[in-house]
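Welcome! Please take a look at the sequence and the 3D structure, and keep them open as you read.

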Amino acid sequence: MFDLERDIGSWCDHLRLSGKLDEVDVIELENHLREQIDELIENGLSEDEAFLISVKRLGNVNMISEEYSKVNTNALWKQLLVDPVVTGAKKQNRRDIFLVVLFSMVAGTVAKIPTLFGIEMGSYVYFKNISFYILPLIALFFVIRHDLNKKLIWYVTGFFVLTGVIINLYPSYSPNHTEILTAIHLPMMLWLVTGVAYLGDKWRNNKGRMNFIRFTGESVIYGSLIMLGLIVLMMFIMMIFESISIDVESFVENYFFIYGGCAAAMITVYLVETKKSVVENFAPVLAKIFSPLFLITMVIFLMVIVITGNSPFVERNFLIGFDLMLVLVLGMVLYTISARNMYDKINIFDYLNAALIFIAIIVDSVALSAILFRLSEYGISPNKLAALGENILLLVNLAALLWLYVRYFMSKIEFEKIEVWQTHYLTVYAAWMAIVVFVFPIIFRFN
Amino acid sequence: MDISKDLIAASATPLILAILKKQDSYGYDIIKKIKKASNNEIIWTEGMLYPVLHRLEKNDFIESYWEKSEAGRRRKYYSLKERGLLELEKHIKQWEIVYSTLSAEIYNNDEKRGEYNV
């Protein structure tokens, strides 16, 4: 029995298999095929005849994709990797690997410099500056790879330098709360600045920003894996040298960990950036495995709270832990959105994502009420104010996402609207983090 | 009469730009319009059209947007941009030069030898 839909579907799969067409291209060609088929059917042909003739007219799949690959530079690198004879790609790859090695060494060395001036590695000052050891080099790596325009290079460099100067000119008095807040917020803010270096001129464009969210998510996943490997290696080194009674602890702590950490970061960035196809196949799967698990964990947790009546927010540290979890959940939601194909139909993972957002909203509201309670009970402190701001930002973000999701489920809006909204909202985060980093210390007199 | 591949390729850009100047359009429609306007002489293949469209879009001559068709499908429409209009004018000038050179040659030869009947 001839099934038109099935055959059109498998024709599209053939196009996809060639690997040279974007999903959008496939949809465009599929639509073309359908128009052709409709017209032939209108002229009195049967479905299967119309299908065969249309497919023949559209031409050999290989030929189409050959033609496409000439324009589609996104797909071009796939060819280059398959065919290493192409010297350009090989050369570039060698250069990239050289850069990764060089930058890892430089970053590690830069991270050692403060210790020369008697700044302890565990100290607040060292901690505060942690983003300056590696992020500028990652940004530089992107600048070299993406041929950024001059103006943007100056902006990014200027921002790094200016931030570095301001942050280190700020004094810090005990109990150093604003300094710690700065140390926590600065890396995130500068990561967004690094994102500008990653995206170049496209940094304003929502597709570009979505791509950076995807990049961030994948970096987190691969970075964790590489770090895990590094820790295993470290423990192994400690163990084998201990067995021959040589103490390597200070070497491991002072050199191996620092250089290794920097190298792990550079390698992660390089891998996610250049080996897209490997990463693309794996990371979304991880996201799909973990988002239901997070959902179940949070639902059970909320249920236990309701049943036992125990509040998790008596202790201040837990509040921070909860915020971290919310950030993680939001990150996962965003990653799932960014890894999603814009033209996919609504599927189970969209509902899962929406459910995750819903639960996160409840957790966030509970956390928010706890913060408000603490604010009214114990007065204003930089920590509480920062937590309050962040929870409100998160709540707005989550609520808007849920609202947009619901409208999307009702087919009121295209999925793209969700992306557009989210990518615009990133600016709000950047602004808030800048406030915490630059303004908070002044308001609270560097305490 | 078959038009040579080279000529088809060379004329694709101005023809597409000219069609889009009149009205936004999508791939299937463009092929039909070209076929009609040329009295079935110029028949483009999809494998040729879409890459050209995408290249033009990349060069910022045209832009695309998605719209639902009557049948409820997503159609990718293309529309001409300011830069594309300039490009089209450049192409038209070039074609006019080629055309006038060609006709001048034919005309001159006509005078001299009287071999052609134009």
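What follows is a short tour of some loops and helices.

## Before we start

This is a predicted model, in which local features need pLDDT of at least 70, side-chain atom pairs count only at pLDDT 80 or more, and totals for chains, interfaces and linings use all residues. Residues are numbered from 1 along each chain as its sequence is written, while chains are lettered from A and ligands numbered from 1 in the order in which they are written.

## Two loop residues with positive phi

Most residues other than glycine have a negative phi. Ser245(A), though not a glycine, has a positive phi near 60°. You can find Ser245(A) in the loop between helix H11 (206-243) and helix H12 (249-274) of chain A; helices (H or I, at least four residues) and strands (E, at least two) are DSSP runs, numbered from the N terminus.

Now try chain B: Asp60(B) sits in the loop between helix H3 (46-58) and strand E2 (62-68), and its phi is positive too, near 75°.

Is Ser245(A) buried or exposed? A residue is buried if 20 or more other C-beta atoms lie within 10 Å of its own, exposed if 12 or fewer, and partly exposed in between, with C-beta atoms placed from the backbone. Ser245(A) is exposed because it has 6 other C-beta atoms within 10 Å. Asp60(B), with 12, is exposed as well.

## Helix H3 in chain B

## Helix H3 in chain A

Leu52(A) belongs to helix H3 (residues 47-58) of chain A. With 16 other C-beta atoms within 10 Å, Leu52(A) is partly exposed.
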